[in-house]
Amino acid sequence: MDSLAALLAHALELEHASHERYTELAAGMVLHHNAPAAAAFDRLAGLSEATVARVEHRARGLCLPRIAPWDFAWCGDGAPAPDVGGEGVDYLMSVAEVLELGMRDARCRRDFYAGLVDQAAPEVRELAVLLAAASRAQFERLAAWRAACASGARLDDWDPPNLPE
C-alpha cells in the first residue's frame with residue numbers, strides 16, 4: 001500500500017462490501033421468518049455503516065484512486081466480507097452463527113490492516129494501525145456477544161423448501 005489514499009480506498013471498499021452483504025443477509029432472514037438472525041445482521045450492518053462514516057470522514061478532501069475489482073489486495077481467499085450465498089450462511093442460522101460470520105469478517109479486516117503495518121509508509125502505517133485496532137475491538141465485541149448467546153439452537157423451519165416428489 002503506497003499511499004494514504006490507496007488505503008482509504010481499500011478501507012471504503014471493505015466496509016461498503018460488509019454493509020451491503022449484511023443488509024442483504026438481514027433482508028433474506030426476514031423473508032424466511034428468522035427475525036433473530038435478521039436483527040443480528042442489521043446490527044452488524046449498523047457497525048459497518050458507522051465504520052464507513054468514520055473512513056469517509058477521514059477521506060474527505062482526498063482524491064481516492066479508482067481501483068479495479070481485480071486490483072484490490074485482499075486477505076486470505078480474496079473475500080474481504082461475508083459471501084451472501086457462501087459457506088456458513090443459511091436461512092435457519094442462529095444468532096450465534098451470524099456472530100461467527102461477523103467475527104470472521106472482523107478478523108479478515110484486522111489481518112488485512114495489520115499486514116500493512118510493517119510494509120507501509122509512515123502515514124499509511126498510522127492509519128493501518130488504527131483500522132486494525134478498530135477491527136480487533138469489533139471482533140472482541142462480537143466475541144463477547146457470541147459468548148452471551150445462551151444457546152446455539154437453530155430455528156424450526158417455518159417455510160421449508162418445496163421438494164419435488
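Reader: Is A11 buried or exposed?
Author: In this predicted model, A11 is buried, because its relative accessible area is 0%, and buried here means under 20%.

Reader: Where is A11 found?
Author: A11 is part of helix 1.

Reader: Which residues is A11 in contact with, leaving aside its neighbours within four places in sequence?
Author: With those neighbours set aside, A11 is in contact with V55, Y113 and L131.

Reader: How many residues apart in sequence are A11 and V55, and how many Å apart in space?
Author: A11 and V55 are 44 residues apart in sequence, and the C-alpha to C-alpha distance between them is 7.1 Å.

Reader: On to helix 1. What should its 28 residues span, and how far apart are its end C-alpha atoms?
Author: At 1.5 Å a residue, helix 1 should span 40 Å. Its end C-alpha atoms are 41 Å apart, which agrees with that expectation.

Reader: Now the largest nonpolar core. Which of its 21 residues touch the most other members?
Author: M29, F41, L44, M93 and V98 touch the most other members of that core.

Reader: Which helices each supply at least two residues of this core?
Author: Helix 1 (4–31), helix 2 (35–59), helix 3 and helix 4 (122–148) each supply at least two.

Reader: What does F41 touch, not counting residues up to four places away in sequence?
Author: F41 touches Y22, L25, A26, M29, M93, V98 and L101, with those sequence neighbours not counted.

Reader: What lies apart from that core?
Author: Another core, of 18 residues, lies apart from it; among its members are L8, A11, L127 and A128.

Reader: What does the side chain of R109 make a polar contact with?
Author: The side chain of R109 makes a polar contact with the side chain of D105, at 2.9 Å.

Reader: Last topic, cysteines. How many disulfides does the structure hold?
Author: The structure holds 0 disulfides.

Reader: And are C63 and C149 buried or exposed?
Author: C63 counts as exposed, because its relative accessibility is 71%. C149, at 18% relative accessibility, counts as buried, because the limit for buried is under 20%.

Key. Residues are numbered from 1 along each chain as its sequence is written. This is a predicted model: local features need pLDDT of at least 70, side-chain atom pairs count only at pLDDT 80 or more; totals for chains, interfaces and linings use all residues. Side-chain values use heavy atoms; hydrogens and water are left out. A polar contact is a pair of N or O atoms within 3.5 Å; within protein, one must be able to donate a hydrogen and the other to accept it, and residues adjacent in sequence count only if both atoms are side-chain atoms. A nonpolar core is a set of buried Ala, Val, Leu, Ile, Met, Phe, Trp, Tyr and Cys residues joined through side-chain atoms within 4.5 Å. Buried means under 20% relative accessible area, exposed over 50%, partly exposed in between (1.4 Å probe, protein chains only). Helices (H or I, at least four residues) and strands (E, at least two) are DSSP runs, numbered from the N terminus. Contact means heavy atoms within 4.5 Å. The expected span of a helix is 1.5 Å times one less than its number of residues. A disulfide is a pair of cysteine sulfur atoms within 2.5 Å.
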